[in-house]
Amino acid sequence: MTVTAMTPAEPYYLPAGNEIEIFERCHEQCLAVMLKGPTGCGKTRFVEHMAWRLKRPLITIACHDDLAASDLIGRFLITHEGTRWQDGPLTRAAREGAICYLDEVVEARQDTVVILHALTDHRRILPIDKTGETVQAAPGFQLVVSYNPGYQRMLKDLKPSTRQRFVAMDLDFPGSEQEIEIVQQESGTDHATAHALVSLAHRIRSLRDRGLAEVPSTRLLIATALLAKNGIPIIEACYAGLISPLSDDDSLVAAMRDLVNATFV
């Protein structure tokens, strides 16, 4: 869990469409938001930017298979002074009127996801069975979840009863010029390097049909640019920052390395 207090520093985010306006209207109307998009396309940064823009604290929860309802709601703790209740991150967010962001929500167990339902409709409540308390979400509270539909299509998915409680926003990798600007801004590299990396990424993304499960994200491009800017030769930076994280398949790795070598001759 990551807790981010309200900060005067604006998290950099370059909008691709009207996603900022849609999110703001959802916040005004107390609507939960679902962000759908590939890994590393900027979903988390978008939420961070919107929390700053709306002047709300942000609580981020990374979902996984072992995430239990008590991890979100809270539990009793035994101390030397006796037993006391400790709120979980979801309960804290509801009490404080924070934005609660569940990253990769489909990784959580279905019985855990169900506890979100009462917070995503007109009731905006969180029943705590262990204490008998019902927490009414404070003004400003908003639930946001994200997942990668491409990766999860054949593995896991949200139940319709859960999906239809959210306003869904489809995010994707930015257009070429926008992605070049983002890589430059986030890494401090020059325009020529950012342009070459984005062009390389577009070529590698075309390998999805050849069995590449995950294509290079904007996040990987930024990491590669940072390596190059800080003294690593650009081809080696691409191997380490862009190619190796994507696959262990020898033929795919060889094909991607060929693209790197052709790009930076």
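1. Basis. The model is predicted, so local features require pLDDT of at least 70 and side-chain atom pairs count only at pLDDT 80 or more, while totals for chains, interfaces and linings use all residues. Residues are numbered from 1 along each chain as its sequence is written, and side-chain values use heavy atoms, with hydrogens and water left out.

2. Helices α8 and α9. Helix α8 covers residues 176-187 and helix α9 residues 191-205; their axes come within 9 Å and cross at roughly 125 degrees. Helices (H or I, at least four residues) are DSSP runs numbered from the N terminus; axes are lines fitted to C-alpha atoms over the stretch in contact, with angles from 0 to 180 degrees between N-to-C directions. The pair is therefore oblique, a class left after roughly parallel (under 35 degrees), roughly antiparallel (over 145) and roughly perpendicular (65 to 115).

3. Their contact. The crossing of α8 and α9 is right-handed, meaning that the near helix is turned clockwise from the far one by less than a right angle. On the α8 side, S176, E179, I180, V183 and Q184 take part, meeting H191, A194, H195, V198, H202 and R205 of α9; contact means heavy atoms within 4.5 Å. These residues comprise four nonpolar, five polar and two charged. Ala, Val, Leu, Ile, Met, Phe, Trp, Tyr, Cys and Pro count as nonpolar, Asp, Glu, Lys and Arg as charged, and the others, Gly among them, as polar.

4. Helices α9 and α11. The axes of α9 and α11 (residues 234-243) come within 13 Å and cross at roughly 45 degrees, and the two helices are therefore oblique to each other. This crossing is right-handed. T193, L197, L200 and I204 of α9 meet I234, C238, L242 and I243 of α11, a set with seven nonpolar residues, one polar and no charged.

5. Helix α4. Within α4 (residues 89-96), the buried residues are P89, L90, T91, A93 and A94; buried means under 20% relative accessible area, exposed over 50% and partly exposed in between (1.4 Å probe, protein chains only). G97 follows α4 and has a positive phi, near 70 degrees.

6. Cysteines. The structure holds zero disulfides, a disulfide being a pair of cysteine sulfur atoms within 2.5 Å. The closest cysteine sulfur to that of C30 belongs to C26, 11 Å away and too far for a bond. For C63, the nearest is that of C100, at 8.8 Å. C30 is partly exposed at 38% relative accessibility, whereas C63 is buried at 10%.
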